[in-house]
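Work through the exercises below with the structure open. Each task is followed by a solution in steps.

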Amino acid sequence: MIFKRTIYEKLLKWKLQSNGKTALLIEGARRIGKSTICEEFAKNEYDSYILINFADKKRSFTSDMKNVFEKTSDYNEFFQALQILTGIKLYERKSVIIFDEVQKYVPAREMIKFLVQDGRYDYIETGSLISLKKNSRKIVVPSEEYRIEMHPMNFEEFLMANDENEMIEYIKAAYNNKQALLDPLHRKAMRLFRTYMAVGGMPQAIDEYIETGDFELVDNTKKNIINLYREDLG
């Protein structure tokens with residue numbers, strides 16, 4: 001399920017203000033929805049996009065794709081090769097190239113400075129915080145990056161995912177007007193908040209809750225994510 005995320009507005013602001021002068025780097029923990037929001041943004045706001053997932057060596061960052069990054073002699077050849085391998089046509093100033101999980105292949109991050117200077121397309125990078133900092137120690141980090149830190153889904157996003165948009169507007173209006181919520185609505189809001197605290201903000205866990213309503217399955221989903229974090233910390 002694709003959830004509405006408040007960070008989308010920040011991506012829009014970057015696109016309009018940057019106008020190709022910077023690449024966008026979205027940093028954050030694993031499994032919080034970085035790749036999903038990037039692809040959704042690219043689908044909605046550009047005529048075409050190419051997504052290269054450096055963690056996926058079987059389908060995305062294949063040996064052929066890696067060879068393109070390492071062996072092409074100029075950017076005309078580089079962009080042509082990307083289009084041929086992916087079957088996706090790029091349009092000048094109307095397309096975006098996404099470097100997903102860029103911490104897995106940091107030379108791509110080092111290329112950003114020159115790709116931005118070339119100016120033909122927009123660029124978005126995603127990176128998991130721990131690995132990104134560790135793996136980028138030996139490269140010159142491009143100053144052309146505009147960084148946004150992404151977090152798990154907050155309570156507002158949880159309400160949107162559960163089609164509680166009227167509740168969001170009601171709470172905001174009450175807060176802005178410094179008024180107490182009506183008792184029945186306050187009780188419902190607190191039930192929703194307690195559910196959010198139990199489910200957490202990970203998109204996979206929220207999706208499991210919406211699909212099944214089974215807290216045991218939700219907990220299993222969260223445990224799997226925690227195991228991934230343990231591997232990162234290790």
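A residue is called buried under 20% relative accessible area, exposed over 50%, and partly exposed in between. The model is predicted.

**Exercise 1.** Classify Lys 222 by its relative accessibility, then find its salt-bridge partner.

Solution. 
- Lys 222 has 22% relative accessibility, so it counts as partly exposed.
- A salt bridge needs a side-chain nitrogen of Lys or Arg within 4 Å of a carboxyl oxygen of Asp or Glu.
- Lys 222 meets this rule with Asp 219, their closest N and O atoms being 3.6 Å apart.
- Asp 219, at 35% relative accessibility, is also partly exposed.
- Both residues belong to helix H11 (residues 215-233); they are three residues apart there, so about one helical turn separates them.

**Exercise 2.** Which residues is Ala 205 in contact with, leaving aside its neighbours within four places in sequence?

Solution. 
- Start with the element: Ala 205 is part of helix H10, which covers residues 203-212.
- Its relative accessible area is 0%, so Ala 205 is buried.
- With the sequence neighbours set aside, the contacts of Ala 205 are Val 199, Val 218, Thr 221 and Lys 222.
- Val 199 also falls in helix H9 (residues 183-199).
- Lys 34 lies 171 residues from Ala 205 along the chain, and the C-alpha atoms of the two are 15 Å apart.

**Exercise 3.** Which residues make the nonpolar surface patch of about 270 Å²?

Solution. 
- The patch is made by Met 190, Phe 193 and Met 197.
- Met 190 sits in helix H9 (residues 183-199).
- Its relative accessible area of 31% makes Met 190 partly exposed.

**Exercise 4.** Describe the protein as a whole.

Solution. 
- The protein has 11 helices and five strands.
- Of its 234 residues, 44% count as buried.
- The C-alpha trace spans about 70 × 40 × 30 Å along its principal axes.

Key
Residues numbered from 1 in each chain as written. Predicted model: local features only at pLDDT ≥ 70, side-chain atom pairs only at ≥ 80, totals over all residues. Heavy atoms only, no water. Helix = DSSP H or I, 4+ residues; strand = E, 2+ residues; numbered from the N terminus. Buried < 20%, exposed > 50% of the residue type's maximum accessible area, 1.4 Å probe, protein only. Contact = heavy atoms within 4.5 Å. Patch = residues over 30% accessible without salt bridge, like charges linked within 9 Å, V, L, I, M, F, W, Y side chains within 5 Å. Areas by Shrake-Rupley, 256 points an atom, 1.4 Å probe, with all protein chains shown as cover.
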